[in-house]
Amino acid sequence: MVIWECSYYRFKYQLQKILTASPDTEDLFKFLSATSLVRREILYLQETSQQQAIELQRQQYILELDPIGYLHIDRDNQLLWCNRQA
């Protein structure tokens, strides 16, 4: 029983170091199971990703209307996106 408890607490400690995206995870760590924490983290990351995708679409729409050419290039000089004027 002692070995199981040590393993469990070590697992929870490692999990706590991994789950860092959601701002309130640390506060809930003592109260929720590992499965619940992982689910919350995944849901938070999905929501954040969706919000970022919406923001990207909004910015691209604005740049499409801009009369100035815009090129979005990565570190390797690969074209990621451009508006029609470019």
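This is a predicted model: local features need pLDDT of at least 70, side-chain atom pairs count only at pLDDT 80 or more; totals for chains, interfaces and linings use all residues.
Local features need pLDDT of at least 70 and side-chain atom pairs count only at pLDDT 80 or more, while totals for chains, interfaces and linings use all residues. Residues are numbered from 1 along each chain as its sequence is written, and side-chain values use heavy atoms, with hydrogens and water left out.

Start with helix α1 (residues 2–18), helices being DSSP runs of H or I with at least four residues, numbered from the N terminus. Phe11 sits in this helix and, at 42% relative accessibility, is partly exposed (buried is under 20%, exposed over 50%, partly exposed in between; 1.4 Å probe, protein chains only). Phe11 also turns up among the contacts (heavy atoms within 4.5 Å) between α1 and α3: together with Lys12 and Leu15, Phe11 meets Ala34, Leu37 and Val38.

How do α1 and α3 pack? The angle between them is about 10°, and their axes are 11 Å apart; axes are lines fitted to C-alpha atoms, for helices over the stretch in contact, with angles running from 0 to 180 degrees between N-to-C directions. That makes the two helices roughly parallel (under 35 degrees; over 145 is roughly antiparallel, 65 to 115 roughly perpendicular, the rest oblique).

As for salt bridges (a side-chain nitrogen of Lys or Arg within 4 Å of a carboxyl oxygen of Asp or Glu), the count is two. Glu55 and Arg58 pair up at 2.6 Å, N to O, three residues apart in α3. Glu64 and Arg84 do so at 3.1 Å, linking distant parts of the chain, 20 residues apart. Glu64 is partly exposed at 21%, whereas Arg84 is exposed at 69%.
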